[in-house]
Amino acid sequence: MTRFTALAALPLLLAACSPDAAPESAPAPAASTPTVPVASVAPDPSLPTVVVYKSPTCGCCASWTEHLRARGFPVETIDRDDITEVKDANGVPAEARSCHTAIVDGYVVEGHVPVEDIERLLTERPDARGLAVPGMPLGSPGMEQGDTVQPYDVLLLTDAGTTVFAHHGS
């Protein structure tokens with residue numbers, strides 16, 4: 001997929017995560033078919049449960065939860081029409097927000113954070129609120145679009161602000 005077609009597809013992807021209907025000129029994306037096949041893995045009882053707050057119509061959020069389940073994380077989803085309250089209560093700054101918010105072992109995980117970064121967070125246990133991937137970068141978990149990967153940073157959220165925890169893409 002070229003850069004232009006990837007950018008042209010962005011309104012369709014964003015519409016899938018909105019509780020509002022997709023624009024009339026755009027066909028509704030198929031939310032029931034994940035973009036990347038995910039192997040079923042039984043939940044690992046040694047891993048903490050990830051509680052994901054998301055819109056009931058968000059296809060990319062559902063794909064992200066499958067990304068976690070594929071690595072053995074038990075996942076509980078809570079559908080809400082508005083998750084702003086969850087973001088506010090967990091100190092997610094406006095510039096770091098995305099379409100879903102998760103809580104795992106006392107940390108907030110905002111947006112399309114790769115599971116390996118969550119595993120690192122839980123191993124290192126930094127003094128932080130959690131992690132965030134602002135927006136919805138193409139190629140991040142749940143936002144796969146073929147071979148297209150938009151470079152993005154995973155931010156560490158602290159009381160002092162944000163710092164880069166990991167970088168993905170070129």
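**Disulfide, cores and a buried lysine**

Modeller: One disulfide turns up when the whole structure is searched. The model is a predicted one.

Colleague: Why is the pair Cys58 and Cys61 called a disulfide?

Modeller: The S to S distance is 2.4 Å. The cut-off for a disulfide is within 2.5 Å, so Cys58 and Cys61 count as joined.

Colleague: What makes this disulfide right-handed or left-handed?

Modeller: The torsion about the S-S bond of Cys58 and Cys61 is about 70°, and therefore the disulfide is right-handed.

Colleague: How do you know whether Cys58, Cys61 and Cys99 are buried or exposed?

Modeller: Buried means under 20% relative accessible area. Cys58 has 3%, Cys61 has 0% and Cys99 has 13%, so each of them counts as buried.

Colleague: And Lys87, is that residue buried or exposed?

Modeller: The relative accessibility of Lys87 is 5%, and the limit is under 20%, so Lys87 is buried. Lys87 is part of helix H3, which covers residues 84–89.

Colleague: What makes Lys87 and Glu110 a polar contact?

Modeller: Their side chains meet at 2.5 Å, and the cut-off for such a pair of N or O atoms is within 3.5 Å. With neighbours within four places in sequence left aside, Lys87 touches Glu110 and others, among them Cys99, His100 and Thr101. Between the C-alpha atoms of Lys87 and Tyr53 there are 9.4 Å, although 34 residues separate the two along the chain.

Colleague: Which residues have the most contacts inside the largest nonpolar core?

Modeller: They are Val50, Leu68, Ile118 and Val154, in a core of 23 residues. Among the elements that give two or more residues to this core are strand E1 (50–54), helix H2 (59–69) and helix H4 (115–124). The most comes from H4, with four residues.

Colleague: What does Val50 touch beyond its neighbours within four places in sequence?

Modeller: Val50 is in contact with Leu68, Phe73, Pro74, Val75, Glu76, Ala102, Ile103 and Val104. A second, separate core has seven residues, including Cys58, Cys99, Met136 and Leu138.

Colleague: Why is Arg120 said to lie over the face of Phe165?

Modeller: Arg120 is 3.7 Å from the ring centre of Phe165. The distance limit is within 6 Å, with a further limit of 35 degrees from the ring normal. Arg120 counts as over the face.

Colleague: How many residues does the protein have, and what share is buried?

Modeller: The protein has 170 residues, and 42% count as buried. Of the contacts with a separation of 6 or more, 57% are between residues 24 or more positions apart.

Notes: Residues are numbered from 1 along each chain as its sequence is written. This is a predicted model: local features need pLDDT of at least 70, side-chain atom pairs count only at pLDDT 80 or more; totals for chains, interfaces and linings use all residues. Side-chain values use heavy atoms; hydrogens and water are left out. Buried means under 20% relative accessible area, exposed over 50%, partly exposed in between (1.4 Å probe, protein chains only). A polar contact is a pair of N or O atoms within 3.5 Å; within protein, one must be able to donate a hydrogen and the other to accept it, and residues adjacent in sequence count only if both atoms are side-chain atoms. Contact means heavy atoms within 4.5 Å. A nonpolar core is a set of buried Ala, Val, Leu, Ile, Met, Phe, Trp, Tyr and Cys residues joined through side-chain atoms within 4.5 Å.
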